[in-house]
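Thanks for coming, everyone. Please look at the screen.

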Amino acid sequence: MKLIVDSGSTKADWIAIDDNGKVLFTTQTLGLNPEVLQKDEIITRLSDRFDILQNKNSVSDLFFYGAGCGTDRMKNFLAEVFEEYFANANVLVHEDTYAAVYATTPKDQAAIVAILGTGSNCSFFDGKQLHQKVQSLGYIAMDDCSGNQFGRQLIRGYYFNKMPKDLATEFEKSYDLDADVIKKNLYKEPNPNAYLATFAKFLIQHKDHPFCQQIIISGMEDFVENYIKQYDNYQAVPVHFIGSIAFYLQDELHNVLSEHGIKIGNVLRRPIDGLIQYHILNK
């Protein structure tokens, strides 16, 4: 049995396949970002799913693609946790950008591949290898145009009394905005980046409101300038996108990128289905 996992900070999609590519089971756990989780919490999240717990000793190969796996230290840490938990498995841990590449980019073709979900990232794939010019420093310092950054801006807009009254009223109906609740989630609970990203749903639902439009367009402009334009050939190759922010804000993304002469390619909400095909073809 092979396990293929696509993990963001918010959630992780799991698919088990046999040697012929037949799907044995699918499940979902909370996200397994090693930048923000300790070993005990990762084990707890794995064991919370009966399919994973029941089959952990039957796994021969684990292919894990995850947010927070951009450095060797984090990849090695997570690989050690998985090797202990899935005792009979060969474990391969990649950063989530590889999942995005394999799911969106035709074989041997060059492209810029971006992730816009709970967090954000951007890499160049030359058809064989992945090249990254910006190493992520995580949700506090980076993650332009991500769900967690958009959530942070909404909260700040509300608390600094910058959010228009009509929008603020709707915001209050949608979330518990008590300061103690927010601070508890940001500073005492695991996955504060995923908590911030829950507010992005409100931004998408009200994306036509001028206040939300300004946040969205500004975030996309920052992503273009700080990430995509790092690559000199950004106008010569397509830019593929993975993630809920990109998927649900495709129209705005098309408009911003076209103003910079950038060709948008495939836009997928999640890469897991494409990963199945990749691993069947490359077994």
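**Glutamate 252 and the helix pair**

Let's start with glutamate 252, which is found in helix α12. Keep in mind that this is a predicted model.

Is glutamate 252 buried or exposed? Its relative accessible area is 7%. The cut-off for buried is under 20%, so glutamate 252 counts as buried.

Which residues does glutamate 252 touch, leaving aside those up to four places away in sequence? They are Lys207, Gln213, Ile216, Ile217 and Met220.

Now the partner helix. α10 covers residues 210-226, and α12 covers residues 250-259. Two packed helices are described by the angle between their axes and the distance between the axes. Here the axes come within 10 Å and cross at roughly 45°. That angle makes α10 oblique to α12. The crossing is right-handed.

Who makes the contact? From α10, we have Gln213, Ile216, Ile217, Met220, Glu221 and Val224. From α12, we have Glu252, Leu253, Val256, Leu257 and Glu259. By type, the residues of this contact divide into seven nonpolar, one polar and three charged.

A few words on α10 itself. This helix has 17 residues. From first C-alpha to last, α10 reaches 24 Å, close to the 24 Å expected at 1.5 Å a residue.

Which residues of α10 are buried? They are Phe211, Cys212, Ile215, Ile216, Gly219, Met220, Phe223 and Val224. Look at the spacing as you go down that list. An α-helix has 3.6 residues a turn, so residues three or four places apart point the same way.

That's my tour. Thank you.

How values were computed. Residues numbered from 1 in each chain as written. Predicted model: local features only at pLDDT ≥ 70, side-chain atom pairs only at ≥ 80, totals over all residues. Heavy atoms only, no water. Axes fitted to C-alpha atoms, helices over the stretch in contact; angles between N-to-C directions. Helix = DSSP H or I, 4+ residues; strand = E, 2+ residues; numbered from the N terminus. Parallel < 35°, antiparallel > 145°, perpendicular 65-115°, else oblique. Left-handed = near helix turned anticlockwise from the far one by under 90°. Contact = heavy atoms within 4.5 Å. Nonpolar A, V, L, I, M, F, W, Y, C, P; charged D, E, K, R; others polar. Expected span 1.5 Å × (residues − 1). Buried < 20%, exposed > 50% of the residue type's maximum accessible area, 1.4 Å probe, protein only.
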